[in-house]
Amino acid sequence: MRKELEAVVAAIRPVDYAGLEPAARAHLDNLTKPRGSLGRLEDLAVQLSCVQDGGRPCADPARIYTIAGDHGVAEEGVSLFPQEVTRQMVLNFLNGGAGINVLCATSGVQLFVVDAGCLGDDFGEHPALIRGKVAQGTANLAKGPAMTGDECLAALLLGVSLADRAAAEGVRVLGTGDMGIANTTPSTALYCAYLGLLAREMTGPGTGLAPDAVDRKIGVVERGLAANAGVVASADAFGILAALGGLEIACLAGLILGGAKNRQVVCVDGFISTAAYTAAAHICPDVRGYCVLSHSSAEPGHARAVAALGLKPVLDLGLRLGEGTGAAMTVFLLRCAADIFNNMASFADAGVSEG
């Protein structure tokens, strides 16, 4: 299966910004507005156009995959909520009662829920559910590798298959979403390992831990980095993801890789999704041109990670829910950007004098 992942990476072409951006910018500059006056919307319009090989950008159809998995590190008490909440929230998604359901409905975005590694039996059939369980959650990363190489690879390829399914159904924009009790801990460990950041400056309250519990969580992340020190020192992107990640995080990384392969724009959600992006970008740096970082997470370490990655989030609303909520709102902004590019009059069309 490793050859399958290598084939995906080999199929990812860098976005030709050097060749395509000047024409897109020139088009925007010829619209009835001062140059650059629509700010980030113009940047998003350019990105859409360039990812789609130039010309009129399109942000629809759009689809979010909210991917769920459980984590062995939950036994360390790093979350305010019990582990069974992962499963309960998947059922809530399927019943339409979660924040991501509301925002997808508001934004007109398709939503699918994916079981990549929840504890327990398979969920019952549902039109919005994709059953892809790789394993019954991960092992405790504080004691050793969270996943075997085969498990991590299977989760990555599951994510690629989700992107491929969306592409086959005409989806132009993907969004990443997550659900997994304790998943801020593996995400924090991944940031530390990939970006050389310190556990103490990256670890936050997650679901709302008190300061003393955050201190214990820092210790858990540090133990995880120590228990997997050999892999971390190797700087092997795949090995780090297997040792410190989660099944839903690896699946999200695969979704990002698959989206880039398929020339789809990927709206990356918050703290957990950005950790998945970090893994994907270390496996294949060319994914960067396809991704939009939807928002600045209120989880304290996110700003440090974003700075280290050299990214600029679109929104800053104090969000820290996950599920893909920030991505759902960003899809709407991509639509705004595409419509500005495609439907706004030029100076000549409108008979307006240029300044």
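**Pockets and salt bridges, question by question**

Reader: What is the volume of the second largest pocket?

Author: In this predicted model, the second largest pocket has a volume of about 370 Å³. Of the 17 residues lining this pocket, Tyr17, Arg40, Gln47, Arg288 and Cys291 are the closest to its centre.

Reader: Which element gives the largest share of that lining?

Author: That's H3, with 5 residues. H2, H3 and S6 each supply at least two residues. Sorted by class, the lining comes to 8 nonpolar, 3 polar and 6 charged residues.

Reader: How do you know that the length of helix H3 agrees with what its 13 residues should span?

Author: Helix H3 runs over residues 39-51, and at 1.5 Å a residue it should span 18 Å. Its end C-alpha atoms are 19 Å apart, so the two values agree.

Reader: Which residues of H3 are buried, and what covers them?

Author: The buried ones are Glu42, Leu44, Ala45, Val46, Gln47, Leu48, Ser49, Cys50 and Val51. Their cover includes helix H2 (17-29), strand S4 (173-179), strand S5 (265-268), S6 and helix H15 (325-343).

Reader: What makes Asp43 and Arg25 a salt bridge?

Author: The cut-off is 4 Å between a side-chain nitrogen of Lys or Arg and a carboxyl oxygen of Asp or Glu. For Asp43 and Arg25 the closest N and O atoms are 2.8 Å apart, so the pair is within the limit. The bridge links distant parts of the chain, with Asp43 in helix H3 and Arg25 in helix H2, 18 residues apart.

Reader: Why is Asp43 called partly exposed?

Author: Buried means under 20% relative accessible area and exposed means over 50%. Asp43 has 31%, so Asp43 falls in between. Arg25, at 26%, counts as partly exposed too.

Reader: What does the bridge between Arg263 and Asp53 tie together?

Author: The two side chains meet at 3.1 Å, N to O. Arg263 lies in the loop between helix H12 (247-261) and S5, and Asp53 in the loop between H3 and strand S1 (62-69), so the bridge ties together parts that are 210 residues apart in sequence.

Reader: Is Arg263 buried or exposed?

Author: Buried: Arg263 has 14% relative accessibility, and the cut-off is under 20%. Asp53, at 45%, counts as partly exposed.

Reader: Why does the pair Asp215 and Arg200 count as a salt bridge?

Author: Their closest N and O atoms are 3.9 Å apart, and the limit is 4 Å, so the pair qualifies. Asp215 lies in helix H9 (residues 211-227) and Arg200 in helix H8 (residues 199-202), so the bridge ties together parts 15 residues apart in sequence. Asp215 is partly exposed at 43%, whereas Arg200 counts as exposed at 55%.

Reader: Which residues do salt bridges with shared partners join into one network?

Author: Glu21, Arg25, Arg40 and Asp43. The structure holds 15 salt bridges.

Reader: What makes the space lined by Val268, Tyr277, Arg288, Cys291, Val292, Leu293 and Leu311 a cavity?

Author: A cavity is space where a 1.4 Å probe fits but cannot get out, whereas a pocket is open. These residues line the largest cavity, which holds about 40 Å³ of space. Strand S6 (residues 291-293) gives the most to its lining, with 3 residues. By class, the lining has 6 nonpolar, no polar and 1 charged residues.

Definitions and conventions:
Residues numbered from 1 in each chain as written. Predicted model: local features only at pLDDT ≥ 70, side-chain atom pairs only at ≥ 80, totals over all residues. Heavy atoms only, no water. 1 Å grid on protein atoms, 1.4 Å probe; cavity = no way out; pocket = protein on both sides within 12 Å on 5 of 7 lines; lining within 4 Å. Points joined across faces, edges and corners; volume = space filled by probe spheres on them. Helix = DSSP H or I, 4+ residues; strand = E, 2+ residues; numbered from the N terminus. Nonpolar A, V, L, I, M, F, W, Y, C, P; charged D, E, K, R; others polar. Expected span 1.5 Å × (residues − 1). Buried < 20%, exposed > 50% of the residue type's maximum accessible area, 1.4 Å probe, protein only. Contact = heavy atoms within 4.5 Å.
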